[in-house]
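The explanation below starts with a term and then moves through the contacts.

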Amino acid sequence: MAGSDNGALGTTFKVVRILQAVSLVAIIGMAAYFISQMVSNNNAPSDVIVGTLSVTCIAVLYCAITYILYIDNILPFLITTGMDSMLLIALVVVAVVVGKPLSYLNCRVIGSSSVSQSTYQLGLELKKSFSKEGSQVRYSNWIGASKVTCYEMKAIWGLSIALCVLFAFSAICSVCLWRRSKAVAPKSVEA
């Protein structure tokens with residue numbers, strides 16, 4: 001594989017980018033599946049899930065491009081630091097918005113007899129939402145619809161938090177790589 005020799009810092013940058021891409025693709029798959037389910041029931045998808053899908057699609061494209069530019073040794077590290085920081089902010093927003101109602105939800109008790117009344121109430125709410133063609137699915141209702149949905153949304157939330165750490169780490173790596181490239185700038189040769 002071609003690319004510049006930036007030692008352990010460069011290898012760390014590449015590994016972090018790969019981990020980011022894998023996490024982003026997993027989130028895209030789960031969010032797209034949820035949107036597909038909502039649309040197949042003739043309902044507008046939740047804004048939270050559409051927003052999550054939008055941010056992660058942009059981020060995975062960015063990861064692929066910066067990885068290729070790094071391998072070709074033409075990645076502008078300072079701009080990458082700024083972009084990683086902006087994606088970090090976007091992913092913090094995703095993690096907070098996705099996680100706020102999830103933090104109060106215990107997936108293990110969904111469907112158990114001890115919460116049968118609340119499950120029945122949730123079922124009625126979802127039935128009303130699904131019976132109105134074109135109505136929008138409320139995110140807070142969707143996450144409690146089933147154990148599987150709950151666990152998958154918690155996976156999206158967990159991966160969003162992990163991505164926050166990974167993008168903070170890649171921003172730090174980028175700024176360190178930028179400082180290293182400035183310190184080892186080639187001297188001009190006069191004839």
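Axes are lines fitted to C-alpha atoms, for helices over the stretch in contact, and the angles between N-to-C directions run from 0 to 180 degrees. The model discussed here is predicted.

On that basis, the axes of helix α1 and helix α2 (residues 47-71) come within 8 Å and cross at roughly 150°. Angles over 145 degrees count as roughly antiparallel, and α1 and α2 are therefore roughly antiparallel to each other. Their crossing is left-handed. Sorted by residue class, the contact of α1 with α2 consists of 22 nonpolar, five polar and two charged residues.

Helix α1 (residues 7-40) also packs against helix α6 (residues 147-183), at an angle of about 155° and with the axes 8 Å apart. The pair α1 and α6 is therefore roughly antiparallel as well. Here too, α1 passes α6 in a left-handed crossing. The residues of this contact divide into 22 nonpolar, nine polar and three charged.

Which residue forms a salt bridge with R17? The partner is D84, and the closest N and O atoms of the two are 2.9 Å apart. R17 lies in helix α1 and D84 in helix α3, so that the pair, 67 residues apart, links distant parts of the chain. A search of the whole structure finds one salt bridge.

Helix α3 spans residues 77-102 and holds M86. Together with I79 and M83, M86 forms a nonpolar patch on the surface, and the three have about 300 Å² of accessible area together.

Technical notes: Residues numbered from 1 in each chain as written. Predicted model: local features only at pLDDT ≥ 70, side-chain atom pairs only at ≥ 80, totals over all residues. Heavy atoms only, no water. Helix = DSSP H or I, 4+ residues; strand = E, 2+ residues; numbered from the N terminus. Parallel < 35°, antiparallel > 145°, perpendicular 65-115°, else oblique. Left-handed = near helix turned anticlockwise from the far one by under 90°. Nonpolar A, V, L, I, M, F, W, Y, C, P; charged D, E, K, R; others polar. Patch = residues over 30% accessible without salt bridge, like charges linked within 9 Å, V, L, I, M, F, W, Y side chains within 5 Å. Areas by Shrake-Rupley, 256 points an atom, 1.4 Å probe, with all protein chains shown as cover. Salt bridge = Lys/Arg side-chain N within 4 Å of Asp/Glu carboxyl O.
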